[in-house]
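Colleague: I have a model open and would like to learn how to read it. Can we go through its pocket and its sheet together?

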Amino acid sequence: MNPLKAGDRAPQFSLPDQDGKPINLSDFKGQRVLVYFYPKAMTPGCTVQACGLRDTMGELKSINVEVLGISTDVPEKLFRFVEKEMLNFTLLSDVDHKVAEQFGVWGEKQFMGKIYDGIHRISFLINPQGDIEHVFDKFKTSNHHQVVLDYLKQHLS
């Protein structure tokens with residue numbers, strides 16, 4: 001696993017959202033976008049992380065930051081996740097993990113003694129020019145939103 005770094009060009013992608021509608025990264029040209037990869041919708045850690053972002057969405061929007069969450073879940077499951085947790089941002093379905101591979105977040109993981117391939121919980125802030133501005137890989141699911149906001153407040157003021 002070799003995640004992209006700050007300064008790298010963000011890979012262009014098109015993925016179906018929770019409604020099955022294709023969303024392209026290029027749709028957000030001129031804006032900052034937080035692309036966050038998470039392992040699985042409706043699991044405890046991913047729910048805590050998503051709800052933290054949901055609850056700070058007003059602040060993020062006020063500084064012109066969009067949020068895109070990406071997992072390998074099918075759109076139908078993402079739709080249920082959005083409905084259940086009243087999420088106010090877009091979730092994208094990367095079923096064949098091609099986008100996760102492009103960002104370098106697909107790789108070997110270990111859980112309860114089992115080794116398998118999966119998405120690593122890493123977030124990328126993409127600047128208005130389409131480059132990776134910052135990589136968030138040191139956070140807990142409970143403080144992810146705060147780590148992102150703290151970075152943005154430091155670098156946008």
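This is a predicted model: local features need pLDDT of at least 70, side-chain atom pairs count only at pLDDT 80 or more; totals for chains, interfaces and linings use all residues.

Colleague: Which residues lie nearest its centre?

Modeller: Look for P39, K40, K109, F111 and Y116.

Colleague: Which element gives the most to the lining of the largest pocket?

Modeller: β6 does, with four residues. Helix α1 (44–55), β6 (106–111) and β7 (114–119) each supply at least two.

Colleague: Now the sheet. How do strands of a sheet pair?

Modeller: Through backbone hydrogen bonds, either parallel or antiparallel. Here five strands form an open sheet with mixed pairing, in the order β5-β4-β3-β8-β9.

Colleague: Why is one side of β5 and of β9 left without a neighbour in the sheet?

Modeller: β5 (90–93) and β9 (132–136) stand at the edges and each has a single partner strand, so one side of each has no neighbour in the sheet. From one strand to the next, the twist averages 20°.

Colleague: Which strands does β3 pair with, and in which sense?

Modeller: β3 runs parallel to β4, with six bridges joining them. With β8 the sense is antiparallel, over four bridges. There, L34 stands opposite L125.

Colleague: And how do β4 and β5 pair?

Modeller: In the parallel sense, over four bridges. S71 has S93 in β5 as its bridge partner.

Colleague: What packs on the sheet?

Modeller: α1 does, touching β3 (32–37), β4 and β8 (123–126). The direction of α1 makes about 165° with that of β3.

Colleague: Where do side chains go in a regular strand?

Modeller: They alternate between the two faces of the sheet. Take β3: R32, L34 and Y36 point one way, V33, V35 and F37 the other.

Colleague: Are those β3 residues buried or exposed?

Modeller: Buried, on both sides. The cut-off for that is under 20% relative accessible area.

Notes
Residues are numbered from 1 along each chain as its sequence is written. Side-chain values use heavy atoms; hydrogens and water are left out. On a 1 Å grid over the protein atoms alone, a cavity is a set of points where a 1.4 Å probe fits but cannot get out, and a pocket is an open set with protein on both sides within 12 Å along at least five of seven lines; lining residues have an atom within 4 Å of a point. Two strands pair if DSSP finds at least two bridges between them. Axes are lines fitted to C-alpha atoms, for helices over the stretch in contact, and angles run from 0 to 180 degrees between N-to-C directions. Contact means heavy atoms within 4.5 Å. Buried means under 20% relative accessible area, exposed over 50%, partly exposed in between (1.4 Å probe, protein chains only).
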